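Me: I would like to go through this structure with you, one topic at a time. Please keep the answers plain.

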Amino acid sequence: MTISHVTDEAGNEATSAYNDGFTVVDNAATVEADAGEDQIIIHPQRVTLDGTGSMGTAALVYQWSQVSGPTVTLLAAGTSRPYFFAQKAGEYVLQLTVTSTLVSASDTVTVTLDNSAPTVDAGERVTLASTEV
């Protein structure tokens, strides 16, 4: 194997052919995290996240974490499709970090549980005379 154009971390050309150790970084390695579409739910339920749209030039390692919102336990947080149980109204913000080789990327998704009381509308008020009954 021939190695040429060796530089240090500052970009300086190597002045010597001797090196007792080095790390090869593939600058062509890329990764893109995709935490999926935001979700709005209207009652407490199990929520499955979807990071399967993430891409990379090598095998991907998934790691999900909660950024904000009512505290939840993420189950299967090291997979592309973890889940949790949304029990309290509010916005749950979760972050996906995808790593491939030495490169990583992150994306967030928001799940909103809108558990507000329904509104009732019976229409306009109608008054009937006692002779109309």
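Me: How many salt bridges does the count come to?

Reply: The count comes to 1 salt bridge, the term meaning a side-chain nitrogen of Lys or Arg within 4 Å of a carboxyl oxygen of Asp or Glu. Please note that this is a predicted model, in which local features need pLDDT of at least 70 and side-chain atom pairs count only at pLDDT 80 or more, while totals for chains, interfaces and linings use all residues. Residues are numbered from 1 along each chain as its sequence is written, and side-chain values use heavy atoms, with hydrogens and water left out.

Me: Which residue forms a salt bridge with Arg-81?

Reply: The partner is Asp-50, and the closest N and O atoms are 3.4 Å apart. The pair links distant parts of the chain, 31 residues apart. Arg-81 lies in the loop between E5 and strand E6 (83-86), and Asp-50 lies in the loop between strand E3 (45-48) and strand E4 (55-56).

Me: Is Arg-81 buried or partly exposed?

Reply: Arg-81 is partly exposed, at a relative accessible area of 44%. Asp-50 also counts as partly exposed, at 30%. Buried means under 20% relative accessible area, exposed means over 50%, and partly exposed is in between (1.4 Å probe, protein chains only).

Me: Changing topic, how many helices and strands are there in the chain?

Reply: The chain has 0 helices and 8 strands. Both are DSSP runs numbered from the N terminus, helices being H or I of at least four residues and strands E of at least two.

Me: What is the order of the open sheet of 4 strands?

Reply: The order is E2-E8-E7-E5, and the pairing is mixed. Strand E2 (39-41) and strand E5 (61-68) are the edge strands, each pairing on one side only. Two strands pair if DSSP finds at least two bridges between them.

Me: In which sense do E7 and E8 pair?

Reply: Strand E7 (residues 90-100) and strand E8 (residues 103-113) are antiparallel, over 11 bridges. Within this pairing, Gln-95 stands opposite Thr-108 in E8, and Glu-91 has Thr-112 in E8 as its bridge partner. E7 and E8 form a hairpin with 2 residues between them. In the turn, Thr-101 has a positive phi of about 60°.

Me: And how do E2 and E8 run?

Reply: E2 and E8 run parallel and are joined by 3 bridges. Gln-39 stands opposite Val-111 in E8.

Me: Now the rings. How many aromatic pairs does a search of the whole structure find?

Reply: The search finds 2 aromatic pairs. Rings of Phe, Tyr and Trp (its six-membered ring) pair if their centres lie within 6.5 Å; planes under 30 degrees apart count as stacked, over 60 as edge-to-face and the rest as tilted.

Me: Why is the pair of Tyr-83 and Phe-85 edge-to-face?

Reply: The planes of Tyr-83 and Phe-85 stand at 90°, so the pair is edge-to-face, with the ring centres 6.2 Å apart. Phe-84 and Tyr-92 form a tilted pair, 5.4 Å centre to centre and with 40° between the planes.

Me: Is Phe-84 buried or exposed?

Reply: Phe-84 counts as buried, at 0% relative accessibility, and Tyr-92 is buried at 1%. Tyr-83, by contrast, counts as partly exposed at 22%, and Phe-85 is partly exposed at 42%.

Me: Finally, what share of the chain do buried residues make up?

Reply: Buried residues make up 23% of the 133 residues in the chain.
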